[in-house]
Amino acid sequence: MAPPVKLSLPNARPYAYNFPPATTALLIIDMQRDFVDKNGFGSIQCGNDEIHSAVRTIVPTIQKVLEMSRSLGMTVIHTREGHRPDLSDLPASKKLRQVSNPNGHHTMGIGDRGPMGRLLVRGEWGHDIIDELRQLPGEPVIDKPGKGSYWGTGLHRVLLARGITHILVTGVTTECCVTTTLRECHDRGFECAILSDCTGGFDQQQVITSLDIICGQDGLFGFIGESSDFFASASKSRELTPPSTPPASEDVLLPIAQLQQRYKSGLESPEKVIQSVYDRIEKYEKIDPAVWITKRTREEALAAAKALSEKFAGKPMPPLYGIPFALKDNIDIEGAVTTATLEIFAYTAKSTAPAVQLLLDAGALYIGKLNMDQLATGLSGCRSPYGTPHSVYSKDHISGGSSSGSAVAVAAGLVSFALGTDTAGSGRIPAAFNGIVGLKPTKGTLSARGMVPACKSLDTLSIMAPSLTDARKVWYIVDEYDAEDPYAKVPTTLSLWKADFRGAKDGGFTFGVPPADVLATCSKEYQDRFQTAIQKLRSCGGRQVEVDYTPFEKASDLLYNATLVHERIASIGYDFLIKNIDNLHPTTKALFQAALDSPLKPWNVFHDQALQAQYTMQAQKIFNPLEGGIDVLLVPSAPCHPTIKEMEEDPLGLNAKVGTFTHAGNVVDLCGVSVNASWIEKEDSKLPFGVTFLGGSGYDGRVLDIAAVFEEAVVGKA
């Protein structure tokens, strides 16, 4: 396993600043027309045209730093200071203080109309970033109402989600927004350096003093460096590891980053990729004909690929340009039929699910709809009238469900990624049984609109991809608050945590595991491999601590052995079920019939809701770092990998066993990701063994950071 590449600013003050490009963000602060162009808010703030015009001299240097950062694959983040058009986020003190100075030079204030539109108001010409530094598609732009970049924004979560540990800070003005933001970054644990020739201000003495304060007292807040050191270090690194273009392959889909590299170099086109995708789909249908429900025709997909190529010809490519994907058939895309594998329920979608629209806007190419357990009820993949898909590694073993087709399509290399859903493990189980990554984000963080509900209060979309890197790329796109989703969590309510500039492995982390009596439900092979996974995680910097597993066990029982299962009836519709119960798959019918026939009393619902709240509180405390909580809970994704024959013989009991470690996830509001940990050799095949990293609500980024260290160790050994 190669050590991570590190760059250095050897002449930085107070001493050399070292940073890994992979977890470093270039933060470009407020390079807006309003601040650096004439007749904007900045020129009024400065009060001296000569001094103000000099600030713009930093633009060419920032431009070069930006180009180099992009070439290194660093995260690039832009900020814009400004306010809502109604100024509802503008404090009176900020609006009135400077213009009220009887001896001052501020003749206009925020919101007043200037030559470039209303000053510091979002949507106006002056508010936008200057053309030389304009953001590329996929680069986050943080609209901030204050001098700092954290108040009223999602910057902290954006940084944590991307695993950022270090920040190179540039922009304007040094004495105000730049140093204010750096101090805020310091408070949150990020290791930061300002590039002194990439920042400027309206009072040179204040600029000098501000920079001195940052690095004074042995580095009180951070480091001060120069771009020349950055260029020298980056150039040396590229000489040691020159960029290479990955070779094409007709047999497998390249990872997203490599495929996009070939697009950018002109060695690949979306049309050619789509041809190869359909060739592989046709070939795999002879192996397993039960993966797809419907597909675009090859001609339709090629037309979409051609339109994408023409749209972005000569322009920057969006982050998922030309990346083929598919959907579980309970997710809507306009004009396509959604069946949820129940023909009598099927309808033609009149609109596209918001999360899917985000993917399309990012340049992803839709291929078709994938098989699933009927009405997303089950973890087996054996409850569909469209056939039973099997694990890509064994025609005898279940694919897992309910997102069965989504996992198989990704594992077989038919698409780069797929969206599934995960209510009780429907994304994590099939991912584990097919040796891929299954990411279940915190519920309420991805829009659930346009998705056939299984259990509305517990549903979330899930992401399936061959690797954590690719799953994370997709997550960045769809992780967007939907104000029209009644179950959406407001981003500012999500958990945040301090960064550790050393990274997860060197900085260390804590993890818990289920007790021995719970692990005893696993097969002997799974128990042995889970113990190996524990040792592997320890070698990655993890420290195992004992946890109280009780709330997870009780929450798991609450899902199907209490009244929560009745929400499934409400979600699909009582009248619909009563009318069409005999049209359901036999196993699906048995589950719903049992719920309909249960002697439920109204007060039982409220009793179980109270228990759910109690277990959720207890579980969240286990992950609270301010109360001695752990970073992640490591569990086997499943206790065993049944054969199709075994599942058909005991469809309800064995299905429940498969969900031993997944059922509690959404009940107590956890996030989680299943990754492949090892392999189990069989006589004529090998089967994947997956583990799941679980974290508290909103801790998605932290969970992914730790899982990535583990995945790297597993792949490195392989």
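**Cysteines, a histidine, a sheet and a helix**

Reply: Cys 540 counts as buried, with a relative accessibility of 3%. The model discussed here is a predicted one.

Me: Why is Cys 540 called buried?

Reply: The label requires a relative accessible area under 20%. Cys 540 has 3%, and therefore counts as buried.

Me: How many disulfides are there by this rule?

Reply: The count is zero. Cys 540 is in no disulfide, as the nearest cysteine sulfur belongs to Cys 671 and is 19 Å away. A disulfide needs two cysteine sulfur atoms within 2.5 Å, so the 19 Å between these sulfurs rules the pair out.

Me: What makes His 166 a buried residue?

Reply: Its relative accessible area is 3%, which lies under the 20% limit, so His 166 is classed as buried. His 166 belongs to strand 8 (residues 166-172). Beyond its neighbours within four places in sequence, His 166 has contacts that include Tyr 17, Phe 19, Pro 20, Glu 191 and Phe 501.

Me: Why is the link between the side chains of His 166 and Thr 165 called a polar contact?

Reply: The two side chains are joined at 2.7 Å. The limit for such a pair of N or O atoms is 3.5 Å, and residues adjacent in sequence count only if both atoms are side-chain atoms; the pair therefore qualifies.

Me: Why are strand 7 and strand 10 said to stand at the edges?

Reply: The open sheet has six strands in the order 7-4-3-8-9-10, paired in parallel. Strand 7 (141-144) and strand 10 (223-225) each have a single partner strand, so one side of each lacks a neighbour in the sheet. From one strand to the next, the twist averages 25 degrees.

Me: How do you know that strand 4 and strand 7 pair?

Reply: Pairing requires at least two bridges, and these strands share four in the parallel sense; they therefore pair. Thr 79 has Ile 142 in strand 7 as its bridge partner.

Me: What makes helix 14 mostly covered?

Reply: Seven of the eight residues in helix 14 (residues 404-411) are buried. Among them are Ser 404, Ala 407 and Val 410. The buried residues pack against elements including helix 11 (270-285) and strand 12 (324-328).

Key: Residues numbered from 1 in each chain as written. Predicted model: local features only at pLDDT ≥ 70, side-chain atom pairs only at ≥ 80, totals over all residues. Heavy atoms only, no water. Buried < 20%, exposed > 50% of the residue type's maximum accessible area, 1.4 Å probe, protein only. Contact = heavy atoms within 4.5 Å. Polar contact = N/O pair within 3.5 Å; in protein donor to acceptor, adjacent residues only side chain to side chain. Axes fitted to C-alpha atoms, helices over the stretch in contact; angles between N-to-C directions.
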